[in-house]
Amino acid sequence: MKASKIAYKPVGLALGAITGMIAGAVFKQAWKVLSHDKDAPDATDEDRDWGEILLAATLQGAIFAAVKAAVDRAGATTTRHLTGTWPG
């Protein structure tokens with residue numbers, strides 16, 4: 001394993017935690033705007049229908065993937081800028 005990959009591991013873990021927090025906040029705001037409801041449905045919410053639950057899950061997954069890609073890419077480019085090597 002390359003030294004840059006090993007050195008990037010702690011950075012990647014920290015970015016992962018940040019990614020989850022950012023994605024969660026973005027999803028909550030997006031759900032409020034789209035559904036005019038404070039809370040997104042859980043899969044086991046008895047009073048919510050299939051369409052609403054699947055829409056919420058799809059939106060949450062898409063937002064998480066986009067935020068993760070943006071944060072990972074920013075971390076990698078910053079690492080290259082600081083160290084001169086790409087961490088991947």
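This report describes the salt bridges and a nonpolar surface patch of one structure.

The model is predicted, so that local features need pLDDT of at least 70 and side-chain atom pairs count only at pLDDT 80 or more, while totals for chains, interfaces and linings use all residues. Residues are numbered from 1 along each chain as its sequence is written, and side-chain values use heavy atoms, with hydrogens and water left out.

The structure holds three salt bridges, a salt bridge being a side-chain nitrogen of Lys or Arg within 4 Å of a carboxyl oxygen of Asp or Glu.

| Salt bridge | N to O distance |
|---|---|
| Arg-48 and Asp-37 | 3.0 Å |
| Glu-52 and Arg-48 | 3.0 Å |
| Asp-72 and Lys-68 | 2.6 Å |

Asp-37, Arg-48 and Glu-52 are linked in a network of salt bridges.

Asp-72 and Lys-68 both lie in helix 2, four residues apart, about one turn of the helix; helices are DSSP runs (H or I, at least four residues), numbered from the N terminus.

On the surface, Ile-18, Met-21, Ile-22 and Val-26 form a nonpolar patch with about 350 Å² of accessible area together, by the Shrake-Rupley method with a 1.4 Å probe, where for residues only the protein chains shown count as cover. Patch residues have over 30% relative accessible area and no salt bridge, with nonpolar side chains (Val, Leu, Ile, Met, Phe, Trp, Tyr) joined within 5 Å and like charges within 9 Å.

Technical notes: Helices (H or I, at least four residues) and strands (E, at least two) are DSSP runs, numbered from the N terminus.
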